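Let's take a walk through this protein together. Keep the sequence and the 3D view side by side, and we will go from the overall layout to a few single residues.

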Amino acid sequence: MSTEQTRRIVLVRHAKAEWSDGDDHDRPLADRGRKDAPAAGRRLAGAGIAPDLALVSTAVRTRETWGLIFAELLTRPRTVYEERVYEATPGELIALLNEVPDDVADLVLVGHNPGMHALADALAGEADGDLAARMHRSGFPTAAVAVLTFTGSWKSVEHGVARLAAFWTPHA
């Protein structure tokens with residue numbers, strides 16, 4: 001697989017979670033989240049996105065979100081539950097993307113805000129139409145999906161390298 005091919009990074013913020021006095025990492029999805037996550041999966045399937053790899057935070061709400069999303073996809077990608085996604089900064093997430101093998105063309109990253117929104121902002125050097133403005137106005141709510149494209153190796157992922165090609169929220 002050529003390192004000069006066009007690749008996709010699909011950023012997904014976990015769906016709406018329950019609030020709890022317990023450990024943040026262990027918060028499950030709320031009823032609304034259990035409805036929104038499959039809708040995100042249907043949206044990805046409808047757009048023809050068939051990821052090769054999913055990197056998913058180890059938090060309960062991200063794992064549940066991903067389970068409901070991939071149930072809607074035509075094929076199930078290899079899934080890695082990655083501790084480093086939880087509470088990660090954009091720089092830490094970019095470092096994680098730089099580790100992705102070049103045989104991966106399309107990747108899904110399921111994580112948390114503010115990291116997902118900040119990463120989308122950091123990577124998107126360009127955007128189709130008014131997508132960047134829409135993303136900024138929305139604040140990257142729960143179950144939001146941003147699709148970014150770039151050409152090159154995963155090792156070349158850095159600030160401004162990608163184009164924001166799609167942005168979707170379940171309640172827009």
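Helices (H or I, at least four residues) and strands (E, at least two) are DSSP runs, numbered from the N terminus. With that in hand, the protein chain has five helices and seven strands. Read from the N terminus on, its elements follow the order β-α-β-α-β-α-β-α-β-α-β-β. What you see is a predicted model, in which local features need pLDDT of at least 70 and side-chain atom pairs count only at pLDDT 80 or more, while totals for chains, interfaces and linings use all residues. Residues are numbered from 1 along each chain as its sequence is written, and side-chain values use heavy atoms, with hydrogens and water left out.

Start with the overall dimensions. Along the principal axes, the C-alpha atoms of the protein chain fill a box of roughly 45 × 30 × 30 Å. The radius of gyration is taken over C-alpha atoms, and the globule rule is 2.2 Å times the number of residues to the power 0.38. For 172 residues a compact globule would have a value near 16 Å, and the 15 Å of the protein chain agrees with this.

Now turn to the sheet. Strands of a sheet pair through backbone hydrogen bonds, either parallel or antiparallel. Here two strands count as paired if DSSP finds at least two bridges between them. The seven strands form an open sheet in the order β3-β2-β4-β1-β6-β7-β5, with mixed pairing. Its edge strands are β3 (78-81) and β5 (124-127), each of which pairs on one side only. From one strand to the next, the twist averages 25°; axes are lines fitted to C-alpha atoms, for helices over the stretch in contact, and angles run from 0 to 180 degrees between N-to-C directions. Strand β1 (residues 6-13) runs parallel to β4 (residues 106-111), and six bridges join the two. One place to look is Arg-8, which stands opposite Asp-106 in β4. Helix α5 (residues 131-138) packs on the sheet, where α5 touches β5 and β7 (162-168); contact means heavy atoms within 4.5 Å. The direction of α5 makes about 55° with that of β7.

A nonpolar core is a set of buried Ala, Val, Leu, Ile, Met, Phe, Trp, Tyr and Cys residues joined through side-chain atoms within 4.5 Å. The largest such core has 30 residues, of which Leu-11, Leu-107, Leu-109, Leu-123, Phe-140 and Trp-154 touch the most other members. Apart from this core lies another of 21 residues, among them Ala-37, Leu-44, Trp-66 and Leu-73.

Finally, visit two loop residues. Arg-27 sits in the loop between β1 and α1 (31-46), and counts as buried because its relative accessibility is 7%. Its side chain reaches the backbone oxygen of Glu-18 at 2.8 Å. Thr-58 lies in the loop between β2 (53-56) and α2 (60-70), and at 17% relative accessibility Thr-58 is buried too. The side chains of Thr-58 and His-25 are joined by a polar contact of 2.8 Å; such a contact is a pair of N or O atoms within 3.5 Å, and within protein one must be able to donate a hydrogen and the other to accept it, while residues adjacent in sequence count only if both atoms are side-chain atoms.

Note on methods:
Buried means under 20% relative accessible area, exposed over 50%, partly exposed in between (1.4 Å probe, protein chains only).
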